[in-house]
Amino acid sequence: MHIMATSDLHGNLNGLDPKGADVVVLAGDIAPLKGRGAWHVNDQKKWINKKFREWTQSYPDVQFVVTHGNHDFFPIAHILFKDQGIDWSFGFSENVHFLGDRGTEINGVKFYGTPWVPIISYSWAFEGEHDTLKRWFSKIPADVDVLITHSPPHIPGSDVDRSIQTNSEHFGSGELTEAIIDKRPRFVFCGHIHTGQHGGVDFEGSRIYNVSRLDENYEIAYEPTWVEV
């Protein structure tokens, strides 16, 4: 199985061509977001229902395995803005597997996706404190082949969770690191920290990739990662 993996598109599909892939993995922050109010999130939902749907439909022979990220408010908009009188329904084309803390199997390969990240400012989607992260990451099955997380784990000696562009501190999830040690997925694809170390890190039997596409200025900086599973 040929997998093309990327994340943190933030609505930028320019030049993203999955031809030759059997599966495209998208590890969160897929949709554009100009603000966190109801009308901005409604624009995000519309982008999912039109632009993203049209893009995935244009590759009918490719399966898309997607989780969401802290910028992707559209899955919880019906809860956050339930009194706004807006239709918050969204949908994907038939070749999209949308994994919000659940899994799917494609041609014998088991995928699982989770959107959760450590607290940033208590104002983003799918942020969690220690107990919340432990609870959600404990649901990762032990037999998963490909784990898709928006948050990177914190891996000692690596910079997958540190912005190299801004020389930031490490922002990875130790709770996710513990889950990876416990569950031993073959591959982990993450993003969130845009200019974290790309290229892959071996850790406790797992191969971990930060696959963010954009840099910290939201400019295209990285090509997708291709692996054979």
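## Close-ups from a predicted model

**E54 counts as partly exposed, with 40% relative accessibility.** That value falls between the 20% and 50% cut-offs, so the label for E54 is "partly exposed". As a heads-up, this is a predicted model. The partner here is K50: the two side chains meet in a salt bridge, with N and O 2.9 Å apart. Both E54 and K50 belong to helix α1, which covers residues 38–57. They sit four residues apart, about one turn of the helix. K50 also counts as partly exposed, at 45% relative accessibility.

**K134 and E178 join up in a salt bridge, 3.1 Å from N to O.** This pair ties together distant parts of the chain, with K134 in helix α3 (residues 130–137) and E178 in helix α4 (residues 174–183). How accessible is K134? K134 has a relative accessible area of 37%, which means it is partly exposed. E178 is partly exposed too, at 42%.

**D182 and K183 make a salt bridge of their own.** Their closest N and O atoms are 3.8 Å apart, which is within the 4 Å cut-off, so the pair counts. Is D182 buried or exposed? D182 is exposed, because its relative accessible area of 56% is over 50%. K183, on the other hand, is buried because its 14% is under 20%. Across the model, the tally is eight salt bridges, and the pairs shown in these views are among them.

**The largest pocket holds about 380 Å³ of space.** Its lining is made up of 19 residues. Which of them lie nearest the centre? Those are N70, I120, F171, H192 and I193. Sorted by class, the lining has nine polar, seven nonpolar and three charged residues.

**Aromatic rings pair up 16 times in this model.** Take F81 and W88: their ring centres are 5.7 Å apart and their planes meet at 35 degrees, so this pair is tilted.

**F90 and F92 form an edge-to-face pair.** The ring centres of F90 and F92 lie 5.7 Å apart, with 80 degrees between the planes. That angle is over 60 degrees, so the pair counts as edge-to-face. F90 is partly exposed at 28%, whereas F92 is buried at 16%. What cluster do these rings belong to? F90 and F92 are part of one aromatic cluster together with W47, F52, W55, Y59, F64, F74 and F98.

**R36 puts its charged end over the ring of W124.** The charged end of R36 is 4.0 Å from the centre of that ring. A lysine does something along these lines elsewhere: K139 lies over the face of W136, at 5.7 Å from the ring centre. The cut-off on distance is 6 Å, so the K139 contact passes it.

Methods. Residues are numbered from 1 along each chain as its sequence is written. This is a predicted model: local features need pLDDT of at least 70, side-chain atom pairs count only at pLDDT 80 or more; totals for chains, interfaces and linings use all residues. Side-chain values use heavy atoms; hydrogens and water are left out. Helices (H or I, at least four residues) and strands (E, at least two) are DSSP runs, numbered from the N terminus. Buried means under 20% relative accessible area, exposed over 50%, partly exposed in between (1.4 Å probe, protein chains only). On a 1 Å grid over the protein atoms alone, a cavity is a set of points where a 1.4 Å probe fits but cannot get out, and a pocket is an open set with protein on both sides within 12 Å along at least five of seven lines; lining residues have an atom within 4 Å of a point. Grid points are joined across faces, edges and corners, and a volume is the space filled by probe spheres set on the points. Ala, Val, Leu, Ile, Met, Phe, Trp, Tyr, Cys and Pro count as nonpolar, Asp, Glu, Lys and Arg as charged, and the others, Gly among them, as polar. Rings of Phe, Tyr and Trp (its six-membered ring) pair if their centres lie within 6.5 Å; planes under 30 degrees apart count as stacked, over 60 as edge-to-face and the rest as tilted. A charge sits over a ring if NZ of Lys or CZ of Arg is within 6 Å of the ring centre and within 35 degrees of the ring normal.
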